[in-house]
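Please examine the sequence and structure shown here.

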Amino acid sequence: MEDTIVAISTAIGLGAISIIRLSGPDAIKIADKIFKGKDLTKVASHTINYGHIYDGEKIVDEVLVSVMLAPKTYTTEDIVEINTHGGVSATNKVLELCLLNGARLATQGEFTKRAFLAGRIDLTQAEAVQDIITSATDKSLSLFVNQLTGSLKKLIIKLRKDIVSILANIEVNIDYPEYEDAPKITIASLKELLYPVKNKLNDLIKESKNAKIIKDGINIAIIGRPNVGKSSLLNKLLEEEKAIVTDIAGTTRDLVEGSIIFKGIKLNFIDTAGIRESKDIVENIGIKKSLDSVSQSNLVILVLNNNEDLTSDDHKLLDIIKDKTHIVFVNKNDLPAKLNIESLKEYNICYGNTINDNGIDELKNKIEDLFNLEQIKPLDNIYLTNSRQNALIKLAIKEIDHALKSLDEEIPIDLVEIDIKNAWNYLGEIIGATYKEELIDELFSNFCLGK
Ligand SMILES: Nc1nc2c(ncn2[C@@H]2O[C@H](COP(=O)(O)OP(=O)(O)OP(=O)(O)O)[C@@H](O)[C@H]2O)c(=O)[nH]1
Ligand SMILES: [Mg+2]
């Protein structure tokens with residue numbers, strides 16, 4: 001039997017209410033020892049009970065205590081949640097009293113881990129819990145709530161079932177070749193069964209590209225020569241004076257980051273140091289960071305100055321962004337045009353200035369078009385929502401590919417069977433049907449305390 005764990009489940013600090021949560025076989029007994037108002041060992045399940053927490057004879061706080069009996073609870077164990085008046089001291093005192101009366105301090109994510117180990121939720125649902133807590137937009141919230149209902153779990157279970165029936169077919173053919181009723185497995189028929197599984201897995205990877213955007217947003221690097229107006233553009237996009245703007249070339253030395261939510265998606269802008277040939281050590285470190293941010297971004301906005309013709313530095317930058325998802329923002333169009341736009345024909349261009357906000361909306365619309373933001377609907381599809389899930393699907397695909405290749409090479413079927421079993425195992429790891437202890441510890445250690 002598990003021990004009883006306790007943690008403060010609400011954010012620590014000033015607040016109207018704090019919740020101290022207990023889970024385990026002694027949850028009710030421990031709460032009852034420090035609570036006066038009702039006999040908590042006798043109250044009905046899923047009730048809220050008014051009373052006071054006592055430290056010996058001394059009242060600690062006036063509280064409401066929720067009592068939820070196993071198994072229909074978050075962890076499937078008995079759970080007690082003590083709602084205090086909030087703040088730091090009463091909350092900590094109640095926690096301390098629970099610890100003194102036999103509870104153990106929960107580790108991060110331990111409540112959710114218990115829900116998983118008890119089989120109430122699978123790993124994808126557990127991951128969704130933490131993702132819901134950290135989600136920043138309505139779209140990402142919908143995505144994770146959808147996952148919490150078990151949509152991905154159901155799909156993976158279905159695919160594993162398909163694989164099991166393929167394996168069963170093979171086994172029957174190997175073990176009972178004389179068994180007439182079993183469909184004869186041939187190389188062609190096996191391939192026919194494997195391809196749909198592989199295709200579904202590939203579709204899942206493809207569709208999940210949007211999930212990354214929904215979850216993490218789009219990283220957008222704003223680059224360009226010094227003084228073209230990158231920081232001014234960042235400030236306009238964020239609608240806040242985040243970065244320092246001056247007419248001195250080389251003002252921005254370090255990366256300046258800020259996010260907005262646009263069409264339900266987070267746009268993470270990174271303003272960078274102006275890129276030019278320089279002998280200044282500090283500036284050069286900044287320039288290196290600017291170039292690194294290009295490779296780490298999903299979109300690059302190259303800012304040019306409408307009031308000057310292209311320089312060799314501009315040409316170098318145009319070359320860098322040519323094969324990347326990009327927008328060229330020709331800034332300072334309030335000033336006379338001196339830029340030769342002939343050489344920009346093959347680029348995705350937008351004109352504007354940061355003095356009177358010209359072209360800023362157009363720029364945002366271009367971002368919307370490039371990433372099809374309107375079309376990203378978290379509820380219509382089943383998505384993989386993190387790199388763990390993605391990596392395991394890719395491993396499963398690799399095994400199936402290997403099986404298909406072996407079939408072509410007429411390698412004995414019992415060897416092919418090993419690949420198919422591996423694919424089945426990898427899919428199992430996604431939902432936690434087969435898991436490694438350290439992985440589970442690692443995964444839940446990223447959770448909030450009290451969750
Ligand atoms: N006329 C005009 N001036 C602008 C515009 N945008 C920025 N500026 C001016 O250009 C100068 C440089 O602007 P910044 O935003 O600091 O340029 P930057 O590209 O960040 O420069 P570095 O940080 O040095 O690389 C400032 O004096 C701005 O006021 C514009 O659209 N029109
Ligand atoms: Mg700047």
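The report below treats these topics in turn.

## Model and conventions

This is a predicted model, in which local features need pLDDT of at least 70 and side-chain atom pairs count only at pLDDT 80 or more, while totals for chains, interfaces and linings use all residues. Residues are numbered from 1 along each chain as its sequence is written, and chains are lettered from A and ligands numbered from 1 in the order in which they are written.

## Domain layout

The chain is divided into domain 1 (5-106), domain 2 (151-208 + 383-444) and domain 3 (216-375); these bounds come from an automatic or database domain assignment. Taken over C-alpha atoms, the centres of domain 2 and domain 3 are 45 Å apart.

Helices and strands are DSSP runs numbered from the N terminus (helices H or I, at least four residues; strands E, at least two). Helix α6 (residues 151-175) packs against helix α14 (residues 413-431) at an angle of about 160°, and their axes are 10 Å apart. Axes are lines fitted to C-alpha atoms, for helices over the stretch in contact, and angles run from 0 to 180 degrees between N-to-C directions. The angle makes α6 roughly antiparallel to α14 (angles under 35 degrees count as roughly parallel, over 145 as roughly antiparallel, 65 to 115 as roughly perpendicular and the rest as oblique). The crossing of α6 over α14 is left-handed, meaning that the near helix is turned anticlockwise from the far one by less than a right angle. The residues of this contact between α6 and α14 comprise 16 nonpolar, one polar and five charged. Here Ala, Val, Leu, Ile, Met, Phe, Trp, Tyr, Cys and Pro count as nonpolar, Asp, Glu, Lys and Arg as charged, and the others, Gly among them, as polar. Contact requires C-beta atoms, placed from the backbone, within 7 Å; among the α6 residues that meet α14 are Ile156, Ile163 and Ile170, and the α14 residues include Ile420, Trp424 and Leu427.

The axes of α6 and helix α7 (residues 187-207) come within 10 Å and cross at roughly 160°. This makes α6 roughly antiparallel to α7, and α6 passes α7 in a left-handed crossing. Leu159, Asp162, Ile163 and Ile166 of α6 meet Leu193, Leu194, Val197 and Lys200 of α7. By class, that contact of α6 with α7 has six nonpolar, no polar and two charged residues.

## Packing of α4 with α5

Helix α4 (residues 123-134) and helix α5 (residues 138-148) pack at about 150°, with axes 8 Å apart. The two helices α4 and α5 are therefore roughly antiparallel to each other, and α4 passes α5 in a left-handed crossing. In α4, Thr124, Gln125, Ala128, Val129, Asp131 and Ile132 meet Leu141, Phe144, Val145, Gln147 and Leu148 in α5. The contact of α4 with α5 has seven nonpolar, three polar and one charged residues.

## Ligand surroundings

Ligand 1 is surrounded by 24 residues, of which Gly229, Ser231, Thr252, Gly274 and Asn353 are the closest; a residue is near a molecule if its C-beta atom, placed from the backbone, lies within 6 Å of it. Helix α9 (residues 230-238) provides the largest share of this shell, three residues. The shell around ligand 1 divides into seven nonpolar, 13 polar and four charged residues.

## Backbone geometry

The peptide bond from Ala70 to Pro71 is cis, with omega near 5°, and Pro71 is found in the loop between β5 (58-68) and β6 (79-84). Glu239, a residue other than glycine, has a positive phi near 55°. Glu239 lies in the loop between α9 and β9 (256-262).

Note on methods. Contact = placed C-beta atoms within 7 Å.
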